[in-house]
Amino acid sequence: MEKIKILIADDHSLVREGLKQILELESDMQIVGQAGDGEEAIMLLQQTKPDIVILDINMPKMNGIQTLRRMKDMVYTTKIIMLTFHEEEEYIRETLNLGANGYVLKDAESESLTKAIREVYNGGTSTPTHIMNSNFEEQFLHGKTNSEKEKRKLTKREYEVLTLIAEGISNKEIASRLFISEKTVKNHVSSVFKKIGVSDRTQAAIYAYKCQIKKI
């Protein structure tokens, strides 16, 4: 039997090892690599060419959203399943918009993950249907937001900071690129979060991609 080759990307080693033990109990699955951050995941994708990547959203160096975008820009047939604690439909909708093939919650039963892997491997899409509302499909297909309208919420500097957050760049590096202090960057980040209604950098990155916010 040809096995499904799987790469696991999560910044917690216990999670990676736990997933490895669970999935290798399946006769049709094989773990070909483990990554602790987005950059390592990209490198291992190139080396191992897996069928499936199980990708955590919150990771250091390069978050899962940015890693997803990078992977989808590469010429591989690899399919990607996002694995996260985030239950909000916004996360699900936007990761699918960005090219993810599946979305599994970390507190789901192991059978949910193995089922999702097989569904995605066979060309389907897998999502946690119990948290979907009745108009999810319409939102998924037509829920894009006008970028110019969203852009007007922010000052020019805040807009620049948001584009760099979407790239997965740290406050220290943003400060270096924009020639401002790290404290000033923190103030801008706080203002951006408040204006766009998010609470962390991953949500901000999703917002930027949804609104098609790009560098000036």
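A salt bridge here is a side-chain nitrogen of Lys or Arg within 4 Å of a carboxyl oxygen of Asp or Glu. By that rule the count comes to 10. The model is predicted: local features need pLDDT of at least 70, side-chain atom pairs count only at pLDDT 80 or more, and totals for chains, interfaces and linings use all residues. Residues are numbered from 1 along each chain as its sequence is written, and side-chain values use heavy atoms, with hydrogens and water left out.

Select Arg-118 and Glu-26. Their closest N and O atoms are 2.7 Å apart, in a salt bridge. Arg-118 lies in helix H5 (residues 110-121) and Glu-26 in the loop between helix H1 (13-23) and strand E2 (29-35), so the pair ties together parts 92 residues apart in sequence. Helices (H or I, at least four residues) and strands (E, at least two) are DSSP runs, numbered from the N terminus.

Next, Arg-157 and Glu-160. They meet in a salt bridge at 2.8 Å, N to O. Both lie in helix H8, three residues apart, about one turn of the helix.

Move to helix H9, residues 171-178. Asn-171, Ile-174, Ala-175 and Leu-178 are buried (under 20% relative accessible area; exposed is over 50%, partly exposed in between; 1.4 Å probe, protein chains only). Seen down the axis of H9, the buried residues fall within an arc of 100 degrees, so they line one face; the arc is that of the directions from the helix axis to the C-beta atoms. The face turned away carries exposed Lys-172 and Ser-176.

Finish on Phe-179, which follows H9. Its phi is positive, near 60 degrees.
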